Amino acid sequence: MIGTNDAILNVNNLKTHFRTDEGIVKAVDGVTFSLRKGETLGFVGESGCGKSVTNLSLMKLIPSPPGRIVDGEVLFHDRDILKMKENEIRGIRGNKISMIFQDPMTSLNPFLKISTQLVETIILHQKKNETEARKRAIEMLELVGIPAPAKRIDSYPHQFSGGMRQRVMIAMALSCNPEILIADEPTTALDVTIQAQILELIKALSEKLGTATILITHDLGVVAGMCDTLNVMYAGRIIEKSDVSTLFSDPRHPYTRGLIKSVPRLDKKTGQKLYSIKGQPPNMIGMPECCPFHPRCEHTMDICRRSYPAAVVTESGNSVSCWLYHTLPYEGGVK
Amino acid sequence: MNKALLEVKNLKMHFPVEEGLLFKKQVGSIRAIDGISFEIKEGETLGLVGESGCGKSTTARTIAQLYRATAGEIIFNGRNLASLSSTELLAERKNIQMVFQDPYASLNPRMTITEIIAEPLIIFKNRKLMNISRKEISERAEFLMEKVGLSSLFRNRYPHEFSGGQRQRIGIARALALNPKLILADEPVSALDVSIQSQILNLLSDLQSEYNLTYLFIAHDLAVIEYISTRVAVMYLGKIVEVADSRIIYKKPLHPYTEALLSAAPIPDPEIEKKRKRIVLSGDVPSPDRERTGCYFYDRCPRKMEVCKDNIPKLTETDDRHHVACFLYFNP
């Protein structure tokens, strides 16, 4: 399932650290993954686990100081983005790889008309004159379902609702036909009925335009409906990497299992108590070289406290970083 | 059958919209709650669900008398809270406490945990509404900390030293300090991570069975509401459109809005997600700034009829304890 064949993006051993007064925070600590053409890849994990920092690092958008990408490579069509000069990256950012952010209220400039903001992107990247760019912008607004786009294009952001603003963001992100769309919690600030609209839109457009999508979210329900492959992150590392149906039917890492069990579900009526993972996510400062999940894990062994488990490839071709699968051959699940 | 602890009758809360700098003049009003009625029985949990801006939080705040209602009655324990004087109200407040959404904004950063949890007790002691000694107060604060799963060793720490989930526990301990009967929980878990969310939900349901608490539980997450609630009320644009037992409303939703809401909620299972048919509502929630003459859901309803345009459907009992406000099920 996970191969590097026809991958357009290969990330190897990416490490992004932040310097704070209390010590170094290893926000991303050795992340490796690849993205194939047209694939939808999900990143799930709790707040502070490094999913957003990983994806900001891909575009070199880490504020420095305090942040610094200390190691690793990000190969986009076999060229390392991290080694590129700033003006080269600018040709990729917003053009070949673009982003949608969580908060549609703050990611648009409130002083500028939608037209100015959309046309700017298109002129900058697509070598079009203003009339052509404006025509393209109106096309894009129509594509994302803004009613009367030719009129609405001259409105200001505050004249749109939250869901509409997120549509404008999507139009902007897709206006240069990017190969990769990174959506960082695109629906977290929206209501469920609007969330359903936006997810359908992202899915339909990425299929239509052949865009590969990276979807970052904490909502397991959202990834279940949207993604092909999933990376589960915990404390700066990818702890499990799996195709979506295996991840939900046969999760391997104790954290993934706990996470799936602790979500209340509409379709299951158990009347039982909800499972909960004890404790809290770890403090990321000065984390020792051990499995970061061991204080909360139900299967902690001695070795978990001493060193970090390398990723093991399972028989379904997925991978998991847990000592349970190093010592024991897999026998239909750990009880 | 238990008796109703709280009864809300035709409650309205309209906020004035004013214009002018010096001489303000009311030019309109935001109809945050526009005539709702419901009751909560003792020991029950009523889940209030709906999209942002539909009036869920305003409902809780109006019940707690943080806002003075424009019209309607709030009958708690047989007394109408809206007509009480401020001294009478203070005494009654002992029985109604709130837990807030944002565990960062709802705790005073300059107070220690003990001070925060003990504050309601100190207020009631100072107003001579409660006979309790200083020593009893600090014992009670420690007892509550242990009760909500915090070590009493933390008693002299400040809120910034705690994580979001722990802070929410502090907020819950504070709400329990006066031994209330009713807790109004306004999105208590929506700011928390999944693994912490389930800890807090379990804590709330344990406390409910131990102290026979009654909850009004507000959330926008349908699965959370289903897990915690005995009855569920769905709100849209300041109106309640459907109320029923939690088991029934999820199995057999009647109102088109409830149906759409349920079908929009993602389920964490890829096999089910693949097969599901979604009702995707078009458009956004309209602004509540004008009086409506037809059904409040008319603009977005996929099953609208001619009759819905000029008649407002009343919340009507169709089945056993299943109330719905929709002309698909009765005639005007």
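1. The buried residues of helix H10 of chain A are Pro254(A), Tyr255(A), Thr256(A), Gly258(A), Leu259(A) and Ile260(A). The helix covers residues 254–261, and because six of its eight residues are buried, H10(A) is largely enclosed by the rest of the structure. This description, like everything below, refers to a predicted model.

2. The surroundings of H10(A) come from both chains. Within chain A, the buried residues of this helix pack against helix H8 (220–226), strand S9 (229–234), strand S10 (237–243) and helix H9 (244–249). From chain B, H6 packs against the buried residues of H10(A) as well.

3. The largest nonpolar core has 184 residues. Those with the most contacts inside this core are Val223(A), Ile117(B), Leu216(B), Phe217(B) and Val234(B). Helix H6 of chain A, residues 162–174, gives the most to the core, with eight residues.

4. Val223(A) may be examined individually. Leaving aside residues up to four places away in sequence, Val223(A) touches Gly42(A), Val44(A), Leu215(A), Thr217(A), Leu230(A) and Val244(A).

5. The sheet of chain A deserves a separate point. Eight strands form an open sheet with mixed pairing, in the order S6-S7-S8-S3-S9-S10-S12-S11. Strand S6 (97–100) and strand S11 (312–313) of chain A are the edge strands, each pairing on one side only. In general, strands of a sheet pair through backbone hydrogen bonds, either parallel or antiparallel.

6. One pairing within chain A can be followed in detail. Strand S7 (residues 180–184) and strand S8 (residues 212–217) of chain A pair in the parallel sense over five bridges. Ile182(A) stands opposite Ile214(A) in S8(A). Helix H1 of chain A, residues 51–58, lies across strand S3 (40–44), S7, S8 and S9 of chain A. The angle between H1(A) and S8(A) is about 145 degrees.

7. Strand S11 (residues 316–319) and strand S12 (residues 322–324) of chain B pair in the antiparallel sense over three bridges. Glu317(B) stands opposite His323(B) in S12(B). S11(B) and S12(B) form a hairpin with two residues between them. Arg321(B), in the turn, has a positive phi of about 55 degrees.

8. Leu254(B) is found in the loop between helix H8 (246–251) and helix H9 (256–264) of chain B. Not counting residues up to four places away in sequence, Leu254(B) touches Glu242(B), Thr318(B), Val324(B), Cys326(B) and Tyr329(B). Leu254(B) and Thr318(B) are 64 residues apart along the chain, and their C-alpha atoms are separated by 9.6 Å.

9. The overall description of chain A is as follows. Chain A contains 12 helices and 12 strands. Its radius of gyration is 21 Å, close to the 20 Å that the globule rule gives for 335 residues, so chain A is as compact as a globular protein of that length. The C-alpha atoms of chain A fill a box of roughly 65 × 50 × 40 Å along the principal axes. Of its 335 residues, 46% count as buried. Among the contacts in chain A with a separation of 6 or more, 63% join residues 24 or more positions apart.

10. Chain B contains 10 helices and 12 strands. Along the principal axes, the C-alpha trace of chain B spans about 65 × 60 × 45 Å. Buried residues make up 43% of the 332 residues in chain B. Residues 24 or more positions apart account for 64% of the chain B contacts with a separation of 6 or more.

Conventions: Residues numbered from 1 in each chain as written. Chains lettered and ligands numbered in written order. Predicted model: local features only at pLDDT ≥ 70, side-chain atom pairs only at ≥ 80, totals over all residues. Core = buried A, V, L, I, M, F, W, Y, C linked by C-beta atoms within 7 Å. Buried ≥ 20, exposed ≤ 12 C-beta atoms within 10 Å, placed from the backbone. Helix = DSSP H or I, 4+ residues; strand = E, 2+ residues; numbered from the N terminus. Contact = placed C-beta atoms within 7 Å. Rg over C-alpha atoms; globule rule 2.2 N^0.38 Å. Pairing = 2+ DSSP bridges. Axes fitted to C-alpha atoms, helices over the stretch in contact; angles between N-to-C directions.
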